[in-house]
Structures are given as structure tokens and as C-alpha cells.
Amino acid sequence: MTATMQAAITTLRDWLDHLAARDRLAVIRPGVALRHELAAISKRFDGTKATLFPQPDGHAIPVVSGLLADRSWIAEAMGVSGAEVLGRFRHASTNPIPWREVAQAPAQEVVHREVDLARLLPLPTHNALDSGPYITAGLVITRNPRTGVQNVSINRCQLSGPDRLGILILPRHTHLFHQMAEEAGEPLEVAIVIGADPLSLLASQAIVPVDHDELEIAGALHGRPLDVVKCVTNALRVPANAEIVVEGRILPAVREPEGPFGEFPQYYGERADRHVIQVDAVTHRRDAIFHTIVGGTMEHLLLGGIPREATLLDHLQRSFPGVRDVHLARGGVCRYHLYVTLNQRHAGEARNVILGALAGHYDVKHVIVVDEDVDIHDPNDVEWAVATRCQADRDIVVIPRTQASKLDPSTDKGVGAKMGIDATIPLGSDPFTFTRIRVPGEEDVDPARVVDPGANGWRPVVGGPSR
Ligand code: MN
């Protein structure tokens, strides 16, 4: 797409090599406990290093976690600069590349048709009140029963029995396909792909209409068609280079208890009767690696946040050409707090941007609009703009009783208020009043070159410097 573009990362193994070469992969001592200890260690390294756990609880398959700890890592996986991440993702979403089917795949080197999930796979239990072990980083692939087009999402999958999983399916595309199958009294074929490459994980979170196959967006992010292979027990096509694939069926007219489970807002999702997967087979590489996402970590937040930012930026720029950038802040769990940079040209425009942003996704709860001299990736800079450019009686917009995130515990069962803060300089105000102070040359000071290496403590030489 641009002259600066490097080759994108296309497999989990290449990504682990990339991280290890930069001292960003912590290899943990063998034998860590799958219950709590693995997640505790992974969280300790959150934001700085990915973690690899050999022989967890003595299991032959190692576990990795924290693959995308920082947005700059996503830029590296894409092979672009940090400023190009949203543009690259948007380009891939609107210019998908169809996948290519292959006959043989590393993901099917080993095939198990007799399945005991807890024995075959190292399934961790993360949080204190989680109901038990979960698959948290699986790409859940299903197919539209009417059109045959595949869909990809990430859903939490609870170990409910040796060959049985509980799955949370929110009312989006997978849910729609299951409804169609269920009305016909049929199960819905499903594949859970574990150990995908980082860009396929990101592509799975694209906010695109139904019948837009997210594996084609993954291909576009890779810059070439994704190799897929047909499952051994059903008609689904799965990434050939994945580590592990769980094949099964989402049963019709069956619901069983699932949860609680620690979710992205740092609270538990409740226990309720939810969809059930009957597992038919597990395939994997001979030396497979299992990936787990610990709830609420940077990996979890960024995987949801970056695709939403790309969609929200696209949505806002259609109506407001002065919108330069958007950021879903970490403090707002990369979902609830949106910062917008606006080159404001018309009086009142920031308020229109607030309304547009709040309508862009129901998870967006608080919007702050700032001028171009404010760095929306620096929360202190955004707070400074609110502190010095906003008056509460004049610049705050509140909209009560809207659809909100059901996982936000402060809402009334998913109904809540939205708030927008206009922290832009009022158009027509005296420019000097809002000129940020600046010391000439402050950006150019190199600490290594201004320190006196021959200084003897802090006392200046009596009589001043020698001439
Ligand atoms: Mn979809």
C-alpha cells in the first residue's frame, strides 16, 4: 500500500520468532499450573512481553499468551508505521483477498476423532471466579446456511465435558447463522482455530456486514491469499497454518450453563444458559502451540480496539472531513472512551462529531473531541485539553437512556447515558489565549550531550569556569 511497507507476518511461528529476536518473548520455566498460575504470570508481563509456557501441568503442548501487547506491535505485524495501522486495516476490510484451498495442511498433521479435550489440550483457568477452563483465543468459524459464506469471530468457549463446550454467542453473524440452522432443526457446523497468526486474529474482529468473510480480510492484511484446508469432519475451511483446530457442531435447541468468566471491562460476565458445541474431532500440528488470551489484558483490549477505531474513523470521516484521527483509550478498556482529533472549521462542529461518534458503535460511552495540537495517544494531553479548553456548563453533551454495553456494570441492563466533551478551542477566540507555552529548543535537547562528564558533584567551581 505504501513505499515503507514491510512483509506482513503470516504465521504464529513467524510472529514468535519476531518477538524472540527483539527480547519480547519471556520463556517461562516448565510445569507452570494451568489453573491461575499461568494467567498470573502472563498478566505480570502484560504490555511488555509475550509469554511462552512449556509443559504447563506437564502437558506436551506449550501455551503462549500476550501476542499483541502494544499497538506498535500490531504495526510491526502489518509491516507499516504506527500512523498507518488504521488505514491499513480499513484498506484490508474494503479490499479482501479470497482464500486459496490446499489439500494438505500443517494444522491436520495429527487427527483425533476420539476426543477428550482436557487431555488433548492445555486448557487454562484464568480468573478467581471463572467457572473453569476455557478456550479464549479461538477463531470461531461458521458458515451461512443460505449463502455458504463463512464468518469468523472470537467467542469464549467453556470446557463443559470431555467433548462438549459451552459458548457465548452475542447477537451478531454466528448467532444469525445458528438461528437459521436451528429453525430447520439442524446443528451448525463450527471450527475453533487456535494458534492463528496475529493478523488473522485482528481480522476476525473487523466490523463488516454479514457475508464478508473475515479470512479474506486476513488475506488482505497478509498481502496474499490465506491458505485454507477443509475440515476432516465437516465442510468448513480453516487456516492451513494454524496450530490446532477443534471441529464440531453448535447443537439446535440445546442450552446449558456457561460462565461466569472474566471479561474485557475487568468484570465477570454472568452465568446463564448458553449455546453448546458437540466436538467431533481435534486436529493439530505435530508440535502444536496453544494460544490463550487472558481477559482484560492489552492483547484482549487491542484486538477489539484497533478494528473499532478503523471503523469509527471511517464512519466519522464520511460526514466530517476535519476529523484527523480517533483513539479508543486504554482507561476506557479500548471500547468505552473515544478521543477524536478535529481540525474544526465550523462553529458547533465538535458537537456534531460527538453525536456521530456516539452513533458509530453502542459501546462508545464517552467522547472527547480535541484540536490537532493535542496528542490523543497521550491521556495526560487529553486531560490537559479538558482541563483548559472545556467549561462544563457550555461544552458537555449528555444523552440519557441509550443502548450501551451490557458488560458495563453501571448500565441498567445495557441501557445507559452517553456523554460528549467538547475540549476544542472555541472558534474565533483570541489565538494568544490558547497558545501553548514553549521553550525554544526544548525538543532538541540531547541529555547525553549536555551533561558535563567531568563535573565533581553539584558544587560549581569557585570563581566560575576557567577561561
Ligand atoms: Mn462477520
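The model is predicted.

**The manganese site**

A manganese ion is held by three protein residues as donors: N151 through OD1, H173 through ND1 and E214 through OE. These donors lie 2.1 to 2.3 Å from the ion. Along the chain, the donors follow the spacing N-x21-H-x40-E. N151 belongs to strand 8 (residues 150–154), while H173 belongs to helix 6 (residues 173–183). The two residues are 22 residues apart, and the pair links distant parts of the chain. Are N151 and H173 buried or exposed? Both N151 and H173 are buried.

**Two domains**

The protein is divided into domain 1, covering 82–293, and domain 2, covering 320–430. Between the C-alpha centres of domain 1 and domain 2 the distance is 33 Å. Domain 1 gives 9 residues to the contact, and domain 2 gives 11 residues. Together the two domains bury about 710 Å² between them. Of this buried area, 74% is on carbon and sulfur atoms. How many salt bridges are there between domain 1 and domain 2? The count is 0 salt bridges.

**Backbone angles**

Most residues other than glycine have a negative phi, and most peptide bonds are trans. The chain has exceptions to both patterns. G259 and P260 are joined by a cis peptide bond, with omega at about 0°. P260 is found in the loop between strand 15 (256–258) and strand 16 (261–262).

Two residues that are not glycine, V333 and R401, have a positive phi. The table sets out their values.

| Residue | Phi | Relative accessible area |
|---|---|---|
| V333 | near 50° | 9% |
| R401 | about 55° | 59% |

Where is V333 placed? V333 sits in the loop between strand 20 (323–328) and strand 21 (337–342). R401, by contrast, lies within strand 23 (residues 396–403). Why is V333 called buried? V333 is buried because its relative accessible area is 9%, and the cut-off for buried is under 20%. R401 is exposed because its relative accessible area is 59%, and the cut-off for exposed is over 50%.

Terms used:
Residues are numbered from 1 along each chain as its sequence is written. This is a predicted model: local features need pLDDT of at least 70, side-chain atom pairs count only at pLDDT 80 or more; totals for chains, interfaces and linings use all residues. Side-chain values use heavy atoms; hydrogens and water are left out. Donors are N, O and S atoms within 2.8 Å of the metal (3.2 Å for Na, K and Ca); water is not among the atoms, so sites may look incomplete. Helices (H or I, at least four residues) and strands (E, at least two) are DSSP runs, numbered from the N terminus. Buried means under 20% relative accessible area, exposed over 50%, partly exposed in between (1.4 Å probe, protein chains only). Domain bounds come from an automatic or database domain assignment. Contact means heavy atoms within 4.5 Å. Buried area is the accessible area (1.4 Å probe) that two parts lose on being put together, summed over both. A salt bridge is a side-chain nitrogen of Lys or Arg within 4 Å of a carboxyl oxygen of Asp or Glu.
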